[in-house]
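Please read the following walk through one protein chain with its sequence and structure at hand.

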Amino acid sequence: MTEVELVYKNKIPAKDRLKVASSQAAHDVFRLAWDENLIDLVEEFKIILLAANNTVIGLSHVAKGSTTQCLADPKIVFAICLKSNASAICLAHNHPSGNPCPSETDLQLTAKFCEAARLLDIKVLDHLILTRHGYTSLEDDGLMPSFN
């Protein structure tokens, strides 16, 4: 029989971890890990994993797509959340078109993630849409689902 083991080791001391207290702080963390050579080429989807005090546990690259879409699988996202014992997450993907406005598909995906997170007692704090020249925060724009 196959044994499944969950292991997580954070090598950064708690006192040295970045804190995400705003969409700008989340944007800054995502930009540290985003390949600027691809931001105008293909969509990518990443998450920031957060402890209960909103300090960064880690960042995970979830998916890479095409020039117009990126399929982010909630099963993968929440497996990462559970393995790292995250209390909250921030979602982000880029729009290679340079248009930072969320599409209807973006809003539906955000709602799907928020609903799944609620069942696991994980907060989805924000969903950012990045472009080379800035970002849009669904939280700042009042577009995050209310059941989160």
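In this predicted model, strands β1 and β2 form a hairpin with 5 residues between the strands. Within that hairpin, Asn54 takes a positive phi near 65°. The two strands, β1 at residues 44-50 and β2 at residues 56-64, pair in the antiparallel sense over 7 bridges. One place to look for this pairing is Glu44, whose bridge partner in β2 is Lys64.

Strand β1 also pairs with β3, residues 88-94. This pairing is antiparallel too, and it runs over 6 bridges.

What about the two faces of β1? In a regular strand, side chains alternate between the two faces of the sheet. On one side of β1 are Glu44, Lys46, Ile48 and Leu50, and on the other are Phe45, Ile47 and Leu49. The residues on both sides are all buried, so both faces of the strand are covered. Because 7 of the 7 residues of β1 are buried, the strand is largely enclosed by the rest of the structure.

Glu43 is in the loop between α1, residues 23-33, and β1. Is this residue buried or exposed? Glu43 is buried, yet it has no salt bridge. The nearest side chain of opposite charge is that of Lys46, 13 Å away. A polar atom of the Glu43 side chain does, however, lie 3.5 Å from the backbone nitrogen of Cys70. Leaving aside neighbours within four places in sequence, Glu43 has contacts that include Ala63, Lys64, Gly65 and Ser66. Thr68, Gln69 and Cys70 are also among its contacts, as are His93, Asn94, His95 and Pro96.

The view can now widen to the whole chain. Its secondary structure comes to 3 helices and 5 strands. From the N terminus on, these elements run α-β-β-α-β-α-β-β. The C-alpha trace spans about 45 × 35 × 30 Å along its principal axes. For 148 residues, a compact globule would have a radius of gyration near 15 Å; the chain has 15 Å, so the value agrees with that expectation. Of the 148 residues, 44% count as buried. Among contacts between residues at least 6 apart in sequence, 68% join residues at least 24 apart.

Two further residues illustrate contacts of this chain. His27 is in helix α1. It counts as buried because its relative accessibility is 10%, where the cut-off is under 20%. Which residues does His27 contact, leaving aside its neighbours within four places in sequence? They are Leu128, Leu130, Gly134 and Tyr135.

Pro145 is found in the segment after β5, which covers residues 134-137. Its relative accessibility is 17%, so Pro145 also counts as buried. With neighbours within four places in sequence left aside, Pro145 is in contact with Thr110, Ala111 and Cys114. Lys83 is 62 residues from Pro145 in sequence, and the two are 25 Å apart in space, C-alpha to C-alpha.

Terms used. Residues numbered from 1 in each chain as written. Predicted model: local features only at pLDDT ≥ 70, side-chain atom pairs only at ≥ 80, totals over all residues. Heavy atoms only, no water. Buried < 20%, exposed > 50% of the residue type's maximum accessible area, 1.4 Å probe, protein only. Helix = DSSP H or I, 4+ residues; strand = E, 2+ residues; numbered from the N terminus. Pairing = 2+ DSSP bridges. Lys, Arg positive; Asp, Glu negative; His and termini not counted. Salt bridge = Lys/Arg side-chain N within 4 Å of Asp/Glu carboxyl O. Polar contact = N/O pair within 3.5 Å; in protein donor to acceptor, adjacent residues only side chain to side chain. Contact = heavy atoms within 4.5 Å. Rg over C-alpha atoms; globule rule 2.2 N^0.38 Å.
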